[in-house]
Amino acid sequence: MKLGMIGLGRMGANITERLIRNGHEVVVYDQKHEAIQSSIERGAIGATSPQDIVQQLAMPRVIWLMVPAGEPVDENIAALLPHLTSGDIIVDGGNSFYKDTLRRAAILRERGLYLVDVGTSGGIWGLTEGYSLMIGGDRAAAEPLSPLFKALAPSPDHGWGYVGPSGAGHFTKMVHNGIEYGMMQALAEGFSILRKKDALELDLHQVAEIWRYGSVVRSWLLDLISQALSNNPDLKDIAPYVEDSGEGRWTVFEAIDLDVPAPVISLSLLQRLRSRDTSSFADKLLAALRHEFGGHATKQEK
């Protein structure tokens with residue numbers, strides 16, 4: 001199958017390379033010329049613009065977007081629309097908010113076009129390990145793309161699937177990321193407790209290695225913790241500042257809208273926000289309050 005790919009960040013470039021390795025032709029475009037050139041060196045076909053991608057593909061065309069969520073997705077769809085014809089398919093493989101996906105799918109549907117939303121998990125390891133793909137959209141548009149999904153998944157029969165109509169793929173990936181927040185937070189807190197018990201002189205990398213095999217908490221996240229601790233046992237030069245992609249927030253908002261209690265995911269998101277406050281006014285006020293009502297000593301800021 002020959003398709004277009006717009007967006008050659010690390011994940012987009014890796015998806016492109018994995019598709020090429022599995023026999024698919026990929027026409028690529030990115031705002032950065034060096035990114036296009038890098039993909040060409042790995043077997044891709046270069047394009048000079050979104051319009052150029054469309055011109056190089058046979059109908060019905062398939063164009064995969066791997067760009068940041070939000071305005072970049074709308075901008076690329078707007079750039080493609082004048083050049084597409086009925087039956088063409090746009091795949092959004094990024095972390096778009098599912099309500100944006102519903103809006104975009106409706107716009108494309110009015111023009112006889114399809115939007116297939118693919119929640120994609122696997123990070124930088126997907127090139128070698130394969131990607132987990134949660135696929136939403138019109139089934140008639142999604143099913144012909146199964147050769148692409150089989151090529152990207154860990155195996156043709158595992159790690160991917162059609163989960164429902166438009167928005168379902170991105171909604172499922174959103175909740176997936178919310179769960180990931182909670183799992184990461186629990187692991188981080190557990191290892192922090194282990195590290196704090198100085199008297200036992202625990203080797204955290206050794207503990208991670210023990211837990212990786214047979215333990216009920218064994219997981220890919222634990223594998224990555226073991227690797228991180230092996231490379232940098234004290235995590236030197238890593239700031240305690242944790243970003244979030246937005247999907248954890250969306251998951252919490254959705255839980256509230258649906259009246260579903262999600263305390264672990266919610267607290268894990270708040271902890272990420274907490275990590276960014278290097279001079280917490282709230283903590284200063286708490287210390288001041290303890291001093292006011294109980295005469296407790298306060299520490300001076302350095």
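**Reading cores and helix pairs**

Modeller: In this predicted model, the largest nonpolar core has 48 residues, and Ile 63, Trp 64 and Val 116 have the most contacts inside it.

Colleague: Which residues is Val 116 in contact with, leaving aside its neighbours within four places in sequence?

Modeller: Val 116 is in contact with Ile 89, Ile 90, Val 91, Asp 92, Ile 135, Gly 136, Ala 141, Ala 142 and Leu 145.

Colleague: At what angle do the axes of helix H10 and helix H11 cross?

Modeller: The axes of H10 (residues 204-211) and H11 (residues 220-231) come within 9 Å and cross at roughly 155°. An angle over 145 degrees counts as roughly antiparallel, so H10 is roughly antiparallel to H11. The crossing is left-handed.

Colleague: Which residues of H10 and H11 meet?

Modeller: From H10, Leu 204, His 205, Ala 208, Glu 209 and Trp 211 meet Leu 222, Ile 225, Ser 226, Leu 229 and Ser 230 of H11. By class, this contact has six nonpolar, three polar and one charged residues.

Colleague: How do the axes of H12 and H13 cross?

Modeller: Helix H12 (residues 247-257) and helix H13 (residues 263-274) have axes that come within 9 Å and cross at roughly 140°. H12 is therefore oblique to H13. Their crossing is left-handed. Gly 248, Arg 249, Thr 251 and Val 252 in H12 meet Ile 265, Ser 266, Leu 269 and Leu 273 in H13; these divide into four nonpolar, three polar and one charged.

Notes. Residues are numbered from 1 along each chain as its sequence is written. This is a predicted model: local features need pLDDT of at least 70, side-chain atom pairs count only at pLDDT 80 or more; totals for chains, interfaces and linings use all residues. Side-chain values use heavy atoms; hydrogens and water are left out. Axes are lines fitted to C-alpha atoms, for helices over the stretch in contact, and angles run from 0 to 180 degrees between N-to-C directions. Helices (H or I, at least four residues) and strands (E, at least two) are DSSP runs, numbered from the N terminus. Angles under 35 degrees count as roughly parallel, over 145 as roughly antiparallel, 65 to 115 as roughly perpendicular and the rest as oblique. A crossing is left-handed if the near helix is turned anticlockwise from the far one by less than a right angle, and right-handed if clockwise. Contact means heavy atoms within 4.5 Å. Ala, Val, Leu, Ile, Met, Phe, Trp, Tyr, Cys and Pro count as nonpolar, Asp, Glu, Lys and Arg as charged, and the others, Gly among them, as polar. A nonpolar core is a set of buried Ala, Val, Leu, Ile, Met, Phe, Trp, Tyr and Cys residues joined through side-chain atoms within 4.5 Å. Buried means under 20% relative accessible area, exposed over 50%, partly exposed in between (1.4 Å probe, protein chains only).
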